[in-house]
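Good morning. I will go through one structure today, starting with the sheets and ending with a single side chain. Please have the sequence and the model open.

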Amino acid sequence: MMTSRAVLVTGASSGLGLATALHLACRGFRVLATMRDLTRRDELDREAARKGVAIEVLQLDVTDRASIESAVSIASERCGVLYGLVNNAGVQLRGYFEDVADDEVRSLFETNVFGTMAVTRAVLPQMRKAGRGRIVILTSIGGRIGAPASSAYCASKFALEGFGESLALEAKLVGVDVSLVTPAVVPTDIWGRNRGVARGATSPASPNRAAYLRHERLTDRVVAHAATTAMDVARAVEAALTEKKPRLRRVVGRRAACLLSARKLLPGELFERLYAGTLNRLARRGPETAGA
Amino acid sequence: MLRHETRSVLVTGAGTGFGRSTALLLAARGFRVYGTIEPGQREDLEKAALERGVTLRIVEADVRHRDSVASAIATVVGESGGIFGLVNNAGVGIRGFFEDLSEGEIRRAFEVNFFGVLAATRAVLPHMRAQGEGRIVMMSSAGGRMAALTLSGYCSGKFAVEGFSESLAIETAPFGIKVSVIEPGVVKTPHFTVNRGLAKAALDPTSPYRVWFHRHERMVDAILETGRITPEDVARTVHRALTARRPRLRYVVGWRPKLLIALRRRLPDTWLDRAYVRETLRLVSDPASAEASDSEASAFAPS
């Protein structure tokens, strides 16, 4: 029997990372599920036991170089060369740009951008030497289209789109495939516990407060009616890891795909004008009670 | 509304390249222009302004330091009674295959190309909001729409500016503040010569990517030599973004990036991505270009 291919998943304690780790394990991959805080491993352990699969859990904080090196070296000792890396760990930050502090943006970039780069940097040499490997980067529809109250988050996800595209060209030369998986809105902890509301976002002194609160209500409605599940994203990651010729980009969720298609089809910048106009009109109406 | 003759614009990184051409052109067309420079660039810029017969207000400032940018903007507002435009032009290059880029090199590029943009934007917004009008122009790059080989550290920063700008444009529209992004292709400026930003390890003969890197650098040199866009074209585009009644969100400068970006924007992702990856790899693996370049580094690589 072929030894199962080892895949390291970051941010596997909840949400898309957890669903991906479980799904890959069910599909026969040897999964190294990593997370910043091992005390949050219970849900993953419980689900793995329920599904009857074994998942190895390692501590890895993408913002801590030493923890990355230690996790990657443990993974290599146990499994040899990693077959796949799923860069999933990510955080959110919500608030109108004027209300978001510099340190909040930087801390977001540490995880979403520099963290992804650091883990990739730690894993790429072994894949290059082996002449094979798959690197999957989870971005977001916010990495393709900007949105109010998430300028820093969108910037970080756009950055990953640019990074991933560049890396895909480079890595292909040494036999490594890179894929960007771009999920629509999926109801996970990122819209609850990990929403990352900026300190100044709801400040009574903010000129954007009313618009922000209305926009968040609107966002909550979108989250509540989201048709895309974490499982859909996990399947897309599996496809990126198993397809013979993996696609560079894969959008998960019909509404996100429709939005992107609308932008492709509408002439000039008509899409941008309609999109901005609609969002701003909605942000001027209705009560200011925030959700979440 | 500010009267036209008092419309002041701050251009960051006005010492060289696009920033310098933009500052001079805007001044020639009647704006009250402030340009931030690095130490040592003043004399040269003053001479250029004199030759052109325009007045530039030169401020030494460093976008990497929040206080430095904020104080430059306070100067503009203090002297002019407001600030109509901000041109976030300052930027640096970083070239090398990702494995050859150190974390520090990428972070240094982000400090200028991304965090510097945020710092300047943050400092002008309250003034523009109070005025009820303003224009913020970002100097992005075609590399902010299509990422290229050897540019993971650069394109990621420019993509970030694109995402930031799209979001910001929606947030600031109700206040009369318009955001535009300029996306020039490859233009021969100091950005590609003295400031090319070659990563240290990319020049290391033991780099596993050495051959491809040098070939690719030669390809870029060839494009630089045949390119017809000038910094003046970019400056005129910035002027359009500052003066159009309804400025576009994006302006691509140059036919090559216009074509490529239009294809990306209009074609299904999969088609364009596959063709783009295939074509890039074909070019960089081409034995003809290999012969010319395997032994030689780019004309701009230090020997």
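A definition to begin with: two strands count as paired if DSSP finds at least two bridges between them. Helices (H or I, at least four residues) and strands (E, at least two) are DSSP runs, numbered from the N terminus. This is a predicted model, in which local features need pLDDT of at least 70 and side-chain atom pairs count only at pLDDT 80 or more, while totals for chains, interfaces and linings use all residues. Residues are numbered from 1 along each chain as its sequence is written, and chains are lettered from A and ligands numbered from 1 in the order in which they are written.

Take chain A. Strand 5 (residues 133-138) and strand 6 (residues 176-183) of chain A run parallel and are joined by 6 bridges. Within that pair, Gly133(A) has Val176(A) of strand 6 as its bridge partner.

Those two strands belong to an open sheet of 7 strands in chain A, ordered 3-2-1-4-5-6-7, with parallel pairing. At its edges are strand 3 (56-59) and strand 7 (249-252) of chain A, each of which pairs on one side only. On average, neighbouring strands of this sheet are turned by 20° against each other, direction ignored. Angles here run from 0 to 180 degrees between N-to-C directions, and axes are lines fitted to C-alpha atoms, for helices over the stretch in contact.

Now strand 2 of chain A, residues 30-35. Is this strand mostly covered or mostly open? It is mostly covered, with 6 of its 6 residues buried. Buried means that 20 or more other C-beta atoms lie within 10 Å of the residue's own; exposed means 12 or fewer, partly exposed is in between, and C-beta atoms are placed from the backbone. The cover is on both faces of strand 2 of chain A: Arg30(A), Leu32(A) and Thr34(A) are buried on one side, and Val31(A), Ala33(A) and Met35(A) on the other.

Strand 2 of chain A pairs with strand 1 (residues 6-9) of chain A in the parallel sense, over 4 bridges. In this pairing Val31(A) is the bridge partner of Val7(A). From strand 1 to strand 2 of chain A the chain passes through helix 1 (residues 15-26), and the β-α-β crossover is right-handed. Right-handed means that, with the strands pointing away from the viewer, the path from the first strand over the helix to the second runs clockwise.

Strand 2 of chain A also pairs with strand 3 of chain A, again parallel and over 4 bridges. There, Leu32(A) has Glu56(A) as its bridge partner. With helix 2 (residues 42-51) of chain A, these two strands make a right-handed β-α-β unit.

On to chain B. Its 7 strands form an open sheet in the order 3-2-1-4-5-6-7, with parallel pairing. Strand 3 and strand 7 (250-253) of chain B each have a single partner strand, so one side of each is left without a neighbour in the sheet.

Strand 1 (residues 8-11) and strand 4 (residues 85-88) of chain B run parallel and are joined by 3 bridges, Val9(B) having Gly85(B) as its bridge partner. Strand 2 (residues 32-37) and strand 3 (residues 56-60) of chain B pair in the parallel sense over 5 bridges, and Val33(B) stands opposite Leu56(B). The crossover between them goes through helix 2 (residues 42-52) of chain B and is right-handed.

Next, the core. A nonpolar core is a set of buried Ala, Val, Leu, Ile, Met, Phe, Trp, Tyr and Cys residues joined through C-beta atoms within 7 Å. The largest has 185 residues, and those with the most contacts inside it include Val7(A), Val31(A) and Leu10(B). Helix 4 (residues 103-131) of chain B gives the most to this core, with 14 residues.

Which residues meet at the contact of the chains? Residues are in contact if their C-beta atoms, placed from the backbone, lie within 7 Å. The contact takes 43 residues from chain B and 45 residues from chain A. On the side of chain B that touches chain A, helix 5 of chain B gives the most, with 16 residues.

Last, Glu77(A), found in helix 3 (residues 65-79) of chain A. Glu77(A) is exposed, with 8 other C-beta atoms within 10 Å.

Notes
Two residues are in contact if their C-beta atoms, placed from the backbone, lie within 7 Å.
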